[in-house]
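This briefing is meant to be read alongside the sequence and the structure. Please keep both in view while going through the points below.

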Amino acid sequence: MKVENSAPHKVVIVGGGFGGLYAAQKLAKAPVQVTLIDKRNFHVFQPLLYQVATGGLSPADISSPLRSLLKDNKNTEVLMGEVTKIDPERQTVKLRYREISYDSLILATGVTHQYFGKDWSEKAPGLKTIEDAIEMRRRVFIAFETAEKELNPEKRKEWLTFVLVGGGSAGVELAGALGELAHGTLKEDFRHIKTSDARIILVHSSEHILPTYPPELSKKAKASLERLGVTVKTGTRVIDITDNGITLKTGDNLEQIQARTVLWAAGMKASAMANLVAEATEAELDKSGRVKVTPNFHVPKYDNIFVIGDLAYYDHIKGKPLPGVAPVAMQQGQYVARLIQSRLKGKTLEPFRYIDWGNLSVIGKHAAVVDVKGIKLSGFLAWLFWLFIHVFYLLEFDNKLIVMVQWAWSYFTNNKGARLITTPGEQPMIQYEDSNTAYNGLANGKQDPVAQTVTVQ
Ligand SMILES: Cc1cc2nc3c(=O)[nH]c(=O)nc-3n(C[C@H](O)[C@H](O)[C@H](O)COP(=O)(O)OP(=O)(O)OC[C@H]3O[C@@H](n4cnc5c(N)ncnc54)[C@H](O)[C@@H]3O)c2cc1C
């Protein structure tokens, strides 16, 4: 690491997620110059993405502009851009039209979906970004809208069948929110369908959903989901996904389910940055593509290139990789920021210690499971705990009082106000309706005028 010249030490942070943002915050008062680069101009509170995907919160409720989050850090600039190359010898990263030089580089670009080599991303969108959440929301509400107009009972059933793949935290939270939507929020809103007829099926490959929780909490989570009308299929794998169905395998049994909405919460792999790092620094990647780092989070060959958060494979505590959760990314971001400051003072820093605050997952409006420091809670108490932690975080970050008010409102009114179907471009993308022969062939033989006038993308 270069520390000899008098110009301020330049720290470039790539990624304004939990890891990058916490690193930047920790460097706010340090004698360094910080550049935070992200391809989006906002930070997202990913644990609440499922709320956007199911119409409970609006995208802006769980996002904050990076520029405003960091406006008080006078040593920090924010650049919106995508890093496409790292040159460790010249100590630069490349944006599309510009190179930025660094003395220390912190890479925190997270992960993306993994379909285990299958081409299912269009058929079963995943949930990682705000854009993903908006797309899921569109598919979910289009399904109810189309079912309302569908005259053929078999097709209507297809539209009212939702399959979620992956019984980790994200899949369980999504399934719970969908259950609540179908059996509660939407119940009075439609005239031709009973939304409570919706089938919501959560598919999970191993024996217990929420595999990182103790089995008794997994069982309680399953029971809570079932109370919300969700069918949980464990020990079940996805074999195929088509436009209107999914094939599942449980043991030797194959099952075909006709479903128009399949949502993916099953696997993650490192973002494209991992390959850039491997190419530039010869760092090794694990089987999910994460960058293997040293106990101080740098790549083995360059001690000024740090990789943190979901992008990093860090197995120096108990020989197991740390999980891809927000507290890991936050603590690693803070640690690396402290390490850079210590080095500048010519000091060493004690090894990284991870404080594990445990696991929380919410299931619908009244229930959650909590496994924190040996305390195991489920049901309403767990839900209150979950709510406190999440609101606390949002308040700490951006004074999101509105989120609290909104939650309180939807809690008491059973309403989810953000149920918008939006699509890019000028026309609503409703091609599903257009292919719907029952709808076009209405009883009097006339075509529906709306269906004739929409532009289909
Ligand atoms: C649906 C969902 C639910 C979750 N629920 C929980 C939960 O309940 N509790 C929990 O602890 N954790 C949860 N997590 C995990 C948690 O959100 C992650 O562990 C955490 O976000 C990782 O932080 P990070 O900084 O490594 O990456 P991220 O927060 O993913 O941030 C990465 C950032 O890098 C940017 N970026 C990517 N590539 C580039 C590039 N080439 N150039 C510039 N910028 C780039 C992205 O735009 C993004 O802002 C959840 C995740 C998801 C997806």
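Which residues of helix 8 (residues 273–281) are buried? In this predicted model, the buried residues of helix 8 are Met273, Ala274, Leu276 and Val277. Seen down the axis of helix 8, these buried residues fall within an arc of 160°, so they line one face of the helix.

**Overall make-up**
- The protein has 457 residues, of which 43% count as buried, and its secondary structure comprises 14 helices and 25 strands.
- Among the contacts in the protein with a separation of 6 or more, 63% are accounted for by residues 24 or more positions apart.

**Surroundings of helix 8**
- Glutamate 282, which follows helix 8, has a positive phi, near 65°.

**Shell around the ligand**
- The ligand is surrounded by 34 residues, and the closest of these are Gly15, Gly17, Gly19, Gly110 and Gly309.
- At least two residues of the shell come from each of helix 1 (18–26), strand 2 (32–38), helix 2 (49–53), helix 6 (169–185) and helix 9 (326–344).
- By residue class, the shell around the ligand divides into 16 nonpolar, twelve polar and six charged residues.

**Packing of helix 1 with helix 9**
- Helix 1 and helix 9, each of which supplies at least two residues of the ligand shell, also pack with each other at an angle of about 35°, their axes being 7 Å apart.
- The crossing of these two helices, helix 1 and helix 9, is right-handed.
- On the side of helix 1 the contact is made by Phe18, Gly19, Gly20, Tyr22, Ala23 and Lys26, and on the side of helix 9 by Ala326, Ala329, Met330, Gln332, Gly333, Gln334, Val336, Ala337 and Arg338.
- The residues of this contact divide into eight nonpolar, five polar and two charged.

**Leucine 394**
- Leucine 394 lies in helix 10 (residues 379–398), and it counts as buried because it has 21 C-beta neighbours inside 10 Å, where the cut-off for a buried residue is 20 or more.
- Although leucine 394 and phenylalanine 45 are 349 residues apart along the chain, their C-alpha atoms are separated by 7.9 Å.

Terms used:
Residues are numbered from 1 along each chain as its sequence is written. This is a predicted model: local features need pLDDT of at least 70, side-chain atom pairs count only at pLDDT 80 or more; totals for chains, interfaces and linings use all residues. A residue is buried if 20 or more other C-beta atoms lie within 10 Å of its own, exposed if 12 or fewer, and partly exposed in between; C-beta atoms are placed from the backbone. Helices (H or I, at least four residues) and strands (E, at least two) are DSSP runs, numbered from the N terminus. The arc is that of the directions from the helix axis to the C-beta atoms. A residue is near a molecule or strand if its C-beta atom, placed from the backbone, lies within 6 Å of it. Ala, Val, Leu, Ile, Met, Phe, Trp, Tyr, Cys and Pro count as nonpolar, Asp, Glu, Lys and Arg as charged, and the others, Gly among them, as polar. Axes are lines fitted to C-alpha atoms, for helices over the stretch in contact, and angles run from 0 to 180 degrees between N-to-C directions. A crossing is left-handed if the near helix is turned anticlockwise from the far one by less than a right angle, and right-handed if clockwise. Two residues are in contact if their C-beta atoms, placed from the backbone, lie within 7 Å.
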